[in-house]
Amino acid sequence: MKCPHLIAAMLLSCAICSAKSNIESIHYTVSFPNLVHHEAEIMMTIPQAGTGVLRVRMSRSSRGRYSTQEFGKNIYNVKAFNADGSIAPIRQFEGEVYEISKHQNIVKIQYTLFGNLTDGSYLSIDPSHVHLNMPASFMWVEGEDDRPIIVEYKDIVKYGWTVSTQMHAETSGVYSARNLQYFMDSPTELAAQKEAKWQVKNSDGKIEEFYLKVHSDDNQVTVDHFAGMLKKVVLEAKAVFGELPAYDFGNYTFINDNYPTNRRDGMEHRNSAIIVRNLSKIAGNEPGMMISFAHEFFHSWNVERIRPKSLEPFDFEHANMSNELWFAEGFTEYYGNLILVRSGCKSVDEFNIAVSESVNSVLNMPAALKYSQLQMSRYAVYADDGNFMDPTNRDNMFTDYYLYGEATALALDLRLRKQFNLSLDDYMRGIWLSYGKTEKPYTVTNLQDALAKVTGSQDFAIDFFSKYINGIEKNDYRSLLAEVGLSLVKANPGQAWLGSIPSKPIGLATGFTENPNVKGLALLTSTTIGTPLYEAGIDAGDVILKADNNSIEKLSDFVSIIKNRKPGESISITFTNRTGNYVANVKLSEDPELKIVTYETEGKQLTPSQKKFRSKWLNSKIK
């Protein structure tokens, strides 16, 4: 005998799916009998299950993440039943895959879900809220990607929660998605949330509604004020492309959760973004938070609709490798910072600090001198929160594609303005019209063709992509920045430098050695190619004991010695490892870190040309 809520859900499924050849929806019921211990109970009902072997599984990756995450580890008590209540034998076929060989036409699968990490990929369940990223939370049926989905949340009113999601609301607590891809792309927050709402008229005259849903220790005045800042960001992003995307159901939702034990994260989705901060509130933290909102919102064009062919459709069973993340993530990072300047949420000096990090990564990181942006994009399957325990040589063979791409976007923007009287806005708008608005997935070659089209120069596009995208040449940032009255200078001129020191003090008190007589500074990861430490043959696993006969027990001991030295001088470093004790004579170099500063900071006068150039670049584009 079917329970009443199941019968009602089936009728609702049929009504929703009547336009889909009578394919019935897969239905999830989510209840929370053990909130305090971070558990939910999920019942998955699969109608029209047929008679063959049925496989259900958890995902191994999450849309917007490029590495594997192994979500199957957090479900247990997995059971299967037929519609009449009889047991359908289920076996764990692989770690995250379950197989049901004998079953009726309607199959129900029940499992316990554990979650205690609030971020952009995982989930958390506690008495204050339920924060769900769908790949981390819901089993799904192999081969049924086009099946519509319904999810029903129980006891929402009981807990005083509202629901934030991009899914379509059917009735109270019941939401639908047209297929698996959309469902997996729809994070959901159940909590006592505060809300701000506004409208924007699109270029076609249609009204798009925007929501800011906040779960934090903030009052409504703070939320409304932050929404006011966010409105400006939305309008500046719209101005880049000339229009908003046509959001499904006519709305877009910013979902924000703030709490000290959260993991700082942000994730884009088709009609929503989820931004998580390890802060108790928005109040007082608005400027630092705004970059994530700007970045994730820009993704509603670039990534969600301007979509790399390599990521479409997204594969939830494996890591998702792409050549295009320098553009998808890096160009988005550039615009996140640029839009904040244009909207008045960030000063020019703050913008310079942000892009300085990217330029440093391109000019000073050893990997950028050896590997192209395509290769660095492919490494995302390991770099983007990949699951591994062993050390890697990351600092020597990886440059973050966010930073690599942002530096390239900066250079291309300034070059387009100087050489063609165009801008990166024109390029992005051209790509939007060709690939985003039409939702035609692109390749790197398509991006090159789009550059040729917008500039009218095939030679420029071929040269730019050959040298700076497919190749490893670097743009002349100093001359490009000078066009807008900015200088690229040493951040710490005359300061002696050994290289970064990824270290940890060891000794009896910290328990990192069994020998209480050994104290020192243990290097945890590989030293960086080109640094004095690397050139001296000092590397991970070595323990630095002395510098110029001064005992080294903590990092500050080392820093205090170095800061009194000059580049070109040498220091004697005593270190030990499993092969013995050594003394190295290490020649100090000058700190290579660069920073971007305005001419005004240096006491230089801007020319009328530089002033006009900078104004056209950084001023608001809202008309």
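**Exercise 1.** Which helix gives the largest share of the lining of the second largest pocket?

*Solution.* H19 does, with four residues. A pocket here is an open set of points on a 1 Å grid over the protein atoms alone, with protein on both sides within 12 Å along at least five of seven lines, and lining residues have an atom within 4 Å of a point. Helices are DSSP runs (H or I, at least four residues) numbered from the N terminus. The model is predicted: local features need pLDDT of at least 70 and side-chain atom pairs pLDDT 80 or more, while totals for chains, interfaces and linings use all residues. Residues are numbered from 1 along each chain as its sequence is written, and side-chain values use heavy atoms, without hydrogens and water.

**Exercise 2.** Describe the rest of this lining.

*Solution.* Start with the count: 14 residues line the second largest pocket, and Arg-417, Asn-421, Leu-422, Ser-423 and Lys-616 lie nearest its centre. Next, the helices: H13 (424–436) and H19 (608–618) each supply at least two lining residues. Then sort by class: eight are charged (Asp, Glu, Lys, Arg), three are nonpolar (Ala, Val, Leu, Ile, Met, Phe, Trp, Tyr, Cys, Pro) and three are polar (the others, Gly among them).

**Exercise 3.** Which residues does Tyr-427 contact, leaving aside neighbours within four places in sequence?

*Solution.* Contact means heavy atoms within 4.5 Å. By that criterion, the partners of Tyr-427 include Phe-327, Phe-331, Leu-412, Leu-416 and Phe-465.

How values were computed
1 Å grid on protein atoms, 1.4 Å probe; cavity = no way out; pocket = protein on both sides within 12 Å on 5 of 7 lines; lining within 4 Å.
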